[in-house]
Amino acid sequence: MKTLDEFRAFYEGELMKDLRALEARRAGICRNLLILFVALALIVLVIGVALGMAGGPAAVFVPAVLSVVIGSLAAAFMTKGYKRDFKLRIIERIIRFVEPQLNYKPTGYIDRETFMMSRIFTTRPNRYKGDDLVSGTVGRTDMKFCELNAVHESGSGKNKHRVTIFKGLFFVADFHKDFRTKTVVLPDTAEKLFGRLGQKLQAMNVFRGSLIKLEDPEFERHFAVYGDDQIESRYILSPGLMERIVQFKVKTDRKIYLSFVASSVFVAVSYTRNLFEPRLFRTLLDFTPMQQYFEDVQLAVGIVDDLNLNTRIWSKE
Amino acid sequence: MWWIPVAILAVPLIILVLIYNGLIAKKNRVANVFGTIDVMLKKRFDLIPQLVVAVKGYMKHEREVLEEITQMRARAMQGISDEEQVAMDGRMTEALNKVMLAVENYPDLKASGNFLHLQRTMTDLEEQISAARRAYNAAVMDYNNAVEMFPTNIVAGMMSYKTKRYFEIPAEERAAVKVNLDR
């Protein structure tokens with residue numbers, strides 16, 4: 001694992017030149033957006049005044065909406081190339097800096113079938129987006145991760161209802177033990193609030209399989225575990241792994257979900273912000289956002305070490 | 001209002017049946033998990049002759065441990081009670097751990113592909129046995145809680161259910177596995 005000081009040296013020595021070039025482009029885009037915005041505002045104002053005299057305030061509504069649509073389309077068009085170049089020239093190099101043998105696809109993502117296969121989330125999303133797919137082998141472990149945004153939309157028009165199923169980082173890796181059944185580790189909400197009664201409630205969650213009560217109290221405080229097989233779930237969640245998962249949870253300080261299905265481990269880390277996206281309205285020549293990208297990559301790649309996936313002492317090679 | 005006396009009679013009866021069935025389910029789960037441990041321990045016994053053959057040629061200072069392991073296996077093959085099984089499991093795990101640790105002193109042995117495969121299988125099996133022991137203890141805790149806590153303890157008393165003993169988890173198992181195959 002690389003340290004922050006090493007990254008700072010890399011930032012100053014290697015990234016800076018490209019960042020300056022991108023910064024010039026960013027400033028240009030901002031200027032153009034400002035011009036566009038002023039122009040659209042003027043048009044709306046003129047039309048508004050003209051129509052306002054004739055047809056009342058409602059008439060202003062149509063050109064205003066229209067200009068918002070045109071404005072955002074134009075902004076998306078203008079920033080598209082900039083975003084792509086930023087990802088290829090900055091994000092990709094940060095990823096390679098953390099782990100040289102990884103591949104990066106800015107527009108790739110883990111497909112919906114894999115997302116559902118993890119069994120972490122039971123609702124099937126009908127709006128499923130993702131990007132920043134990173135894949136490769138870390139040590140002896142095949143892994144991949146990407147940013148995902150999975151939403152379920154129901155109804156239409158005024159009754160439209162959107163539920164975010166998951167937004168954040170989704171990680172899949174080959175697990176170092178073989179197993180046949182599924183085990184799901186979810187953030188514990190019921191037990192935290194209701195104690196023993198909460199545990200009773202959890203046990204009644206029949207869609208998830210049976211509740212696995214584990215003996216690590218710290219782990220039990222953070223998570224609720226469901227599985228098909230009491231013994232196999234414990235075979236997977238050894239005392240050592242439970243401790244590591246707790247440490248990972250404390251380190252990230254986010255909502256995390258794990259599952260063990262088909263000899264793979266799935267980890268979902270919840271984020272509210274977007275990952276690996278360039279800033280547009282603030283300067284790029286600042287270490288703080290770069291540090292953030294670096295730490296996000298480090299966190300994802302680090303899951304392999306955090307969960308000790310490279311230890312191959314069990315029968316699986 | 002005919003249903004009031006019926007309810008007064010029926011409700012406690014239903015509760016009684018639920019508690020009774022719950023206790024039986026818990027007792028059966030303990031027995032079920034114990035059965036799994038039993039299968040795994042048998043698997044381990046099956047691996048022991050292979051292990052002894054593989055290491056005997058190399059190990060000079062560990063004769064006694066190997067001897068002990070072989071004897072334990074022979075005794076288990078003759079058929080022993082569950083309690084003896086539990087007691088022997090602890091000693092067996094300890095003895096096998098000694099052998100596995102001693103392997104570090106014999107580079108030739110560590111280089112043998114045959115032995116490495118055996119070692120992997122053993123580590124895996126130990127991990128599975130450990131998981132089964134933990135599952136057993138969790139089932140026992142559930143059962144014991146029901147036997148001791150109010151109101152289920154009253155029914156358990158009538159069924160003359162007694163608390164069950166936990167499997168001892170060896171101290172080294174609580175720490176992460178130390179065996180290292182990286183060369």
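D132(A) lies in strand β2 (residues 127–138) of chain A. Strands here are DSSP runs of E with at least two residues, helices are runs of H or I with at least four, and both are numbered from the N terminus. The model is a predicted one, in which local features need pLDDT of at least 70 and side-chain atom pairs pLDDT 80 or more, while totals for chains, interfaces and linings use all residues. Residues are numbered from 1 along each chain as its sequence is written, and chains are lettered from A and ligands numbered from 1 in the order in which they are written.

Back to the backbone: D132(A) has a positive phi although it is not a glycine, and S160(B) also has a positive phi without being a glycine. S160(B) sits in the loop between α6 and α7 (171–174) of chain B. D132(A) is buried, whereas S160(B) is exposed; buried requires 20 or more other C-beta atoms within 10 Å of a residue's own, exposed 12 or fewer, and partly exposed covers what is in between, with C-beta atoms placed from the backbone.

| Residue | Phi | Other C-beta atoms within 10 Å |
|---|---|---|
| D132(A) | about 55 degrees | 26 atoms |
| S160(B) | about 50 degrees | 6 atoms |

Chain B also has a cis peptide bond, from F150(B) to P151(B), with omega near 5 degrees. P151(B) belongs to the loop between α5 and α6 (152–158) of chain B.

Now for the helix packing. In chain B, α1 (residues 3–56) and α5 (residues 113–148) pack at about 160 degrees, with axes 9 Å apart. The two are therefore roughly antiparallel, a label for angles over 145 degrees. Axes are lines fitted to C-alpha atoms over the stretch in contact, and angles run from 0 to 180 degrees between N-to-C directions.

Chain A is divided into domain 1 (4–98) and domain 2 (103–306), with bounds from an automatic or database domain assignment. Their centres, taken over C-alpha atoms, are 32 Å apart. In contact are 22 residues of domain 1 of chain A and 18 of domain 2 of chain A, where contact means C-beta atoms, placed from the backbone, within 7 Å.

Finally, how do the chains meet? The contact takes 19 residues from chain B and 13 residues from chain A. On the chain B side, α1 and α5 of chain B are the elements giving two or more residues, and α5(B) gives the most, with twelve residues.

Notes
Angles under 35 degrees count as roughly parallel, over 145 as roughly antiparallel, 65 to 115 as roughly perpendicular and the rest as oblique. Two residues are in contact if their C-beta atoms, placed from the backbone, lie within 7 Å.
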